[in-house]
Amino acid sequence: GIKFIEVLMDVPLEVVQQRDPKGLYAKAARGELKGMTGMSDDAPYEPPLNPELVMPNYEMTIEESVRMLMDTLRKAGAL
């Protein structure tokens, strides 16, 4: 089988909210959407403890992000 590789897309909540194409974070902030991960006490965001790859993609171009991911997949023998 293909090796499982855990990837953390390390992006601040503020950036995720700005990128939200469906407006779900805005709805959660207004209280219209309950239990959204990272937006309520009953659904905290819990990042992975030991991801194989941490991608601060808010600081990277799309090309850099793809290159980093592809390099990791190649090194793991997944490609």
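A word on the ground rules. Residues are numbered from 1 along each chain as its sequence is written, and side-chain values use heavy atoms, leaving out hydrogens and water. As the model is predicted, local features need pLDDT of at least 70 and side-chain atom pairs count only at pLDDT 80 or more, while totals for chains, interfaces and linings use all residues.

Let's start with the pocket. Rolling a probe the size of a water molecule over the atoms shows where empty space is left. Here a pocket is an open set of points on a 1 Å grid over the protein atoms alone, where a 1.4 Å probe fits, with protein on both sides within 12 Å along at least five of seven lines; lining residues have an atom within 4 Å of a point.

Who lines the largest pocket? There are 14 lining residues, and Met 9, Val 11, Leu 13, Val 16 and Tyr 45 lie nearest the centre. By type, the lining splits into 9 nonpolar, 3 polar and 2 charged residues; nonpolar covers Ala, Val, Leu, Ile, Met, Phe, Trp, Tyr, Cys and Pro, charged covers Asp, Glu, Lys and Arg, and the others, Gly among them, are polar. Helix 1 (13-19) gives the largest share, 3 residues. Helices (H or I, at least four residues) and strands (E, at least two) are DSSP runs, numbered from the N terminus.

Leu 13 lies in helix 1 and is partly exposed, at 36% relative accessible area; with a 1.4 Å probe and protein chains only, buried is under 20%, exposed over 50%, partly exposed in between. Leaving out residues up to four places away in sequence, Leu 13 touches Tyr 25, Gly 38 and Met 39, where contact means heavy atoms within 4.5 Å.

Now, helix 3. Ser 65 sits in this helix (residues 62-75) and is buried, at 12%. Beyond its neighbours within four places in sequence, Ser 65 contacts Met 55, Asn 57 and Met 60. After helix 3 comes Gly 77, with a positive phi near 80°.

Last stop: is Arg 30 buried or exposed? Arg 30 is exposed, at 54%, and sits in the loop between helix 2 (24-29) and strand 2 (53-55). Its C-alpha is 41 Å from that of Ile 2, 28 residues away along the chain.
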